[in-house]
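Here's a quick briefing to read alongside the model. It covers a sheet with its helices, and then some charged pairs.

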Amino acid sequence: MRVLIIEDEKKLALALVEILRSEQIETDVAYDGKQGLDDALSGIYDAIILDLMLPALDGMEVLSQLRAAKLDTPVLILTAKSSLDSKVEGLDSGADYYLTKPFEKEELIAVLRAISRRSGKIQPHILSYGDLTLDRRNFTISSGDIEISLASREFQVMELLLINRDQISAKEYILVKVWGTESEAVENHVEVYISFLRRKLRRLNSKVEIRVRRGLGYYLYYQETERTQA
């Protein structure tokens with residue numbers, strides 16, 4: 001899961017990053033409304049935490065433009081503005097939840113997961129395809145009786161491929177979703193981690209393969225599927 005934080009108070013933004021990362025949630029931060037809007041419109045985020053009092057473009061305008069662009073990413077407004085009028089305006093403008101500062105960490109995480117779950121953005125703890133199972137709680141992948149632990153980036157790439165198992169994932173898409181928009185990582189990083197994962201699939205004796213369609217991207221293929229249908 002990747003969350004965009006649009007917050008101009010740097011100390012609070014960094015605190016939010018730490019809170020979310022402690023829950024294995026990847027984050028990017030935008031410190032003004034204009035940058036936040038540009039980042040959000042990329043469509044790569046599973047949820048957005050949005051302050052209202054922002055430089056360059058206020059949060060309510062950011063929200064209005066996101067919804068006008070038909071972007072349905074769940075938005076959690078997190079602000080010091082606690083008046084009823086502000087809450088009504090925020091929710092009427094398309095926010096999924098309105099949370100005022102100060103807030104409790106547990107409530108923030110619960111709300112974030114709830115709005116993401118309602119939108120279908122949250123996946124179950126266990127992801128499966130063919131004979132392969134990925135456990136999102138302990139970063140392991142297994143097939144039959146064999147289980148292997150994955151490093152953080154390996155896990156994120158494999159998770160993305162499993163979530164999008166019915167489609168091809170372009171290198172650029174994997175790069176942005178896993179490494180983020182601010183990273184200096186290049187497409188070769190994706191190739192390296194795909195190679196790592198292929199080795200681990202062989203160690204598992206899994207019939208699932210990571211295949212590439214030249215010029216398009218990577219996808220999962222289960223050998224037994226075609227054999228059974230034949």
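Glu 159 counts as buried, with a relative accessibility of 9% (buried means under 20% relative accessible area, exposed over 50% and partly exposed in between, using a 1.4 Å probe and protein chains only). This is a predicted model, so local features need pLDDT of at least 70 and side-chain atom pairs count only at pLDDT 80 or more, while totals for chains, interfaces and linings use all residues. Residues are numbered from 1 along each chain as its sequence is written, and side-chain values use heavy atoms, leaving out hydrogens and water.

**The sheet**

- Four strands make an open, antiparallel sheet, in the order β6-β7-β8-β9; strands are DSSP runs of E with at least two residues, helices are runs of H or I with at least four, and both are numbered from the N terminus.
- At the edges sit β6 (126-129) and β9 (146-149), each pairing on one side only; two strands pair if DSSP finds at least two bridges between them.
- From one strand to the next, the twist averages 20°; axes are lines fitted to C-alpha atoms (for helices, over the stretch in contact), with angles from 0 to 180 degrees between N-to-C directions.
- β6 and β7 (residues 132-135) run antiparallel and are joined by 4 bridges, and Tyr 129 sits opposite Leu 132 in β7.

**Helices on the sheet**

- Helix α6 (residues 152-163) packs on the sheet and touches β6, β7 and β8 (140-143), its direction making about 125° with that of β7; contact means heavy atoms within 4.5 Å.
- Helix α8 (residues 187-203) lies across β7, β8 and β9, and runs at about 155° to β9.

**Salt bridges**

- Searching the whole structure turns up 11 salt bridges, each a side-chain nitrogen of Lys or Arg within 4 Å of a carboxyl oxygen of Asp or Glu.
- Lys 101 pairs with Glu 7, with the closest N and O atoms 3.0 Å apart.
- That pair links distant parts of the chain, 94 residues apart: Lys 101 is in the loop between β5 (97-100) and α5 (105-118), and Glu 7 in the loop between β1 (2-6) and α1 (10-21).
- Glu 7 counts as buried, at 1% relative accessibility.
- Glu 159 meets Arg 136 in a salt bridge at 2.5 Å, N to O.
- Here too, distant parts of the chain are linked: Glu 159 is in helix α6 and Arg 136 in the loop between β7 and β8, 23 residues apart.
- Arg 211 bridges to Glu 209, with closest N and O atoms 2.8 Å apart.
- Salt bridges with shared partners join Glu 7, Asp 51 and Lys 101 into one network.
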